[in-house]
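I opened a new structure today and kept notes as I went. The entries follow in the order in which I looked things up.

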Amino acid sequence: MSHRRGKVIIIVAPSGAGKSTLVKRLMDELSILRFSVSATTRQPRPGEIHGKEYYFLTLTDFNKKIEEGDFLEWEEFYGGKRYGTLRSDVENQLDKGYFCVLDIEVKGALNVKTIFKEDAVSIFIKPPSLEILRQRLENRGTESPESLKERLERAEMELQYESSFDFCVVNDDLETAYTQVKQILETFINAN
Ligand code: ADP
Ligand code: 5GP
């Protein structure tokens, strides 16, 4: 059976805004979605599995992939840690007709949108406030004080880019935010 090529869904949020929570649920409910597994040089958090949340690479292996042109985009932040979208991962899913979900930060997201244009939709997930963002990161219990500080500083920068995205959803009440994101994606999927 022939099928149409899939498209790209870019979901961006300052760290702690609730993007993973929303994306996990979307993946469970919309079977046409596939998650693009990025590569990173950061350490896995407890429970994270190589090949599922990320491909956890050494800096040497990451740099080899840069040289070989394996990344659609990559960025360095959070104390020199690198994150990159694997071209082959995305292209394979699109070829199979799946809609490929990218969970990446602002700069990478804007680069991917420039590459895919109308073949991508970009959604910015926004926390109700920086104070609530701080509380969520603290409650998650995954960050050192230093990493928490870096993430909050970066969040302030990222919030300035809100208007560069196709859609913006405030994640205050989780159910409301989820319904809004799902609606945007269903409209995008059905239009294609
Ligand atoms: P991100 O992937 O954007 O870094 P997470 O999905 O890990 O963020 O969410 C950060 C923390 O906030 C998690 O502990 C999560 O359970 C919690 N959280 C997510 N959305 C909400 C919400 N709408 N209200 C309250 N807490 C939330
Ligand atoms: P975390 O360390 O919390 O998993 O992710 C930190 C940030 O890196 C998040 O904003 C996440 O979206 C972003 N990120 C994850 N993968 C990629 C990627 O492949 N490219 C870019 N540019 N950012 C990524």
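How much space lies in the second largest pocket? I read off about 270 Å³.

Before going on, I noted that this is a predicted model, in which local features need pLDDT of at least 70, side-chain atom pairs count only at pLDDT 80 or more, and totals for chains, interfaces and linings use all residues. Residues are numbered from 1 along each chain as its sequence is written, chains are lettered from A and ligands numbered from 1 in the order in which they are written, and side-chain values use heavy atoms, with hydrogens and water left out.

**Entry: the second largest pocket**

I wrote down the term first: on a 1 Å grid over the protein atoms alone, a pocket is an open set of points where a 1.4 Å probe fits, with protein on both sides within 12 Å along at least five of seven lines, and lining residues have an atom within 4 Å of a point. A volume is the space filled by probe spheres set on the points, which are joined across faces, edges and corners.

I found 13 residues lining the second largest pocket, and Arg 42, Lys 81, Glu 143, Ser 147 and Arg 151 lie nearest its centre. Strand 6 and helix 6 are the elements that give two or more residues to this lining. Helices (H or I, at least four residues) and strands (E, at least two) are DSSP runs, numbered from the N terminus. Helix 6 gives the most, with three residues.

I then sorted the lining of the second largest pocket by class and got three nonpolar, four polar and six charged residues. Here Ala, Val, Leu, Ile, Met, Phe, Trp, Tyr, Cys and Pro count as nonpolar, Asp, Glu, Lys and Arg as charged, and the others, Gly among them, as polar.

**Entry: a salt-bridge network**

I went back to two of those central residues. Glu 143 and Arg 151 meet through their side chains in a salt bridge, 3.1 Å from N to O. The term asks for a side-chain nitrogen of Lys or Arg within 4 Å of a carboxyl oxygen of Asp or Glu. Both Glu 143 and Arg 151 are buried; buried means under 20% relative accessible area, exposed over 50%, and partly exposed in between (1.4 Å probe, protein chains only). I followed the shared partners and reached one network that joins Arg 42, Arg 45, Glu 48, Arg 140, Glu 143 and Arg 151.

**Entry: other salt bridges**

How many salt bridges does the structure hold? I have 23 in my notes.

Lys 7 forms one with Asp 119, with the closest N and O atoms 3.2 Å apart. This pair links distant parts of the chain, 112 residues apart: Lys 7 is in the segment before strand 1 (8-12), and Asp 119 is in the loop between helix 4 (106-116) and strand 8 (120-126). Lys 7 counts as buried because its relative accessibility is 16%, while Asp 119, at 33%, counts as partly exposed.

Glu 138 forms another with Arg 134, at 2.7 Å between the closest N and O atoms. The two are four residues apart in helix 5, so about one helical turn separates them.

**Entry: the largest pocket**

I put the volume of the largest pocket at about 1100 Å³. Of its 42 lining residues, Lys 19, Ser 20, Arg 45, Tyr 54 and Asp 103 are the closest to its centre. Helix 1 gives the largest share of the lining, seven residues. By class I have 14 nonpolar, 11 polar and 17 charged residues for this lining.

**Entry: aromatic rings**

I listed seven aromatic pairs. Rings of Phe, Tyr and Trp (its six-membered ring) pair if their centres lie within 6.5 Å; planes under 30 degrees apart count as stacked, over 60 as edge-to-face and the rest as tilted.

Are the rings of Phe 62 and Trp 74 stacked or edge-to-face? Their centres are 6.2 Å apart and their planes at 75 degrees, so I noted the pair as edge-to-face. Phe 62 is buried at 0% relative accessibility, whereas Trp 74 is partly exposed at 31%.

Phe 99 and Phe 188 also form an edge-to-face pair, with 5.9 Å from centre to centre and 85 degrees between the planes. Phe 99 lies in strand 7 (residues 99-103) and Phe 188 in helix 7 (residues 174-190), so the pair ties together parts 89 residues apart in sequence.

Last, I noted one aromatic cluster, formed by Tyr 54, Phe 56, Phe 77 and Tyr 83.
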